[in-house]
Amino acid sequence: MKKVLAILLVLLCTVGFSFADETLAFTPYVDKGELLANVGIGWGGISGGIEFTLARIDIGGIIPLTFGAAGRVAIDPGIFTPDWTSFGVGGFGTAHVGFKEISLPDGLTWISNFDAYLGLGLGLASGTTSISYYEPKPGIGISAFSGASYYLNDNLAINFEYGYIGRIKYDWDGYTSEYSYPLWYSNIGVVLKL
């Protein structure tokens, strides 16, 4: 499956570059040089973050991809795991794709207000607990998030995001082997361009 997707991506790029036409280029909602802030609440507590977009590449002169750097913070005051307070922080590289002002048939123009994105990076997860036989320890590892924003105007969007910050390690009742559980979140929030 991965090979098929890679071949399709190469073909898309090849065909796109062959027939590139500057008049077809779309404008993205998230463009190079913009600073975004987001905050959300949902299953997994509260999360927030900031992102700065660093570069833009138009695949085939048509499909705009924007790349940036972001930070995310998540705090779970016991929604996922009662008797635990969990928190995590991560740094990410990001990618966005969205088609502002795309021509669509009547009834489908709302699709042009979406921006889809993902991030991949490194995160630190930790926590505290009131359970006496657990001894939490911070965990560092690969982290990721993905989401979609629906723009109400050029600077404000409703945001849906899912993220995984890392795993909190803990010793159980004096045993030296380490156990762990994931710190992740799924929320609805807002995105503001600053």
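A word on exposure before we start: a residue counts as buried under 20% relative accessible area, as exposed over 50%, and as partly exposed in between. Keep in mind also that this is a predicted model.

**Stop 1: the surface patch**

Select Val 73, Ile 75, Phe 87, Val 89, Leu 120, Leu 122, Leu 124, Ile 140 and Ile 142, and show their surface: together they make a nonpolar patch of about 850 Å². Now color strand 3 (63-76), strand 4 (84-98), strand 5 (114-129) and strand 7 (139-153), the elements that give two or more residues to the patch. Strand 5 gives the most, with 3 residues.

Next, click on Val 89, which sits in strand 4.

**Stop 2: the salt bridges**

Side chains of opposite charge can pair when their charged atoms come close. How many salt bridges does a search of the whole structure find? The search finds 2.

For one of them, select Lys 193 and Glu 34, whose closest N and O atoms are 3.4 Å apart. This pair links distant parts of the chain, 159 residues apart: Lys 193 belongs to strand 9 (residues 178-193), and Glu 34 to the loop between helix 1 (2-18) and strand 1 (35-43). Lys 193 counts as buried because its relative accessibility is 15%, while Glu 34, at 23%, is partly exposed.

Then go to Glu 161 and Arg 72, where the salt bridge has an N to O distance of 3.0 Å. Here strand 8 (residues 156-172) supplies Glu 161 and strand 3 supplies Arg 72, again linking distant parts of the chain, 89 residues apart. Are these two residues buried or exposed? Both Glu 161 and Arg 72 are buried.

**Stop 3**

Center the view on Phe 145. Leaving aside residues up to four places away in sequence, its contacts include Ala 70, Phe 92, Tyr 117, Leu 118 and Tyr 185, and also Arg 72 and Glu 161, the salt-bridge partners from Stop 2.

Terms used. Residues numbered from 1 in each chain as written. Predicted model: local features only at pLDDT ≥ 70, side-chain atom pairs only at ≥ 80, totals over all residues. Heavy atoms only, no water. Patch = residues over 30% accessible without salt bridge, like charges linked within 9 Å, V, L, I, M, F, W, Y side chains within 5 Å. Areas by Shrake-Rupley, 256 points an atom, 1.4 Å probe, with all protein chains shown as cover. Salt bridge = Lys/Arg side-chain N within 4 Å of Asp/Glu carboxyl O. Helix = DSSP H or I, 4+ residues; strand = E, 2+ residues; numbered from the N terminus. Buried < 20%, exposed > 50% of the residue type's maximum accessible area, 1.4 Å probe, protein only. Contact = heavy atoms within 4.5 Å.
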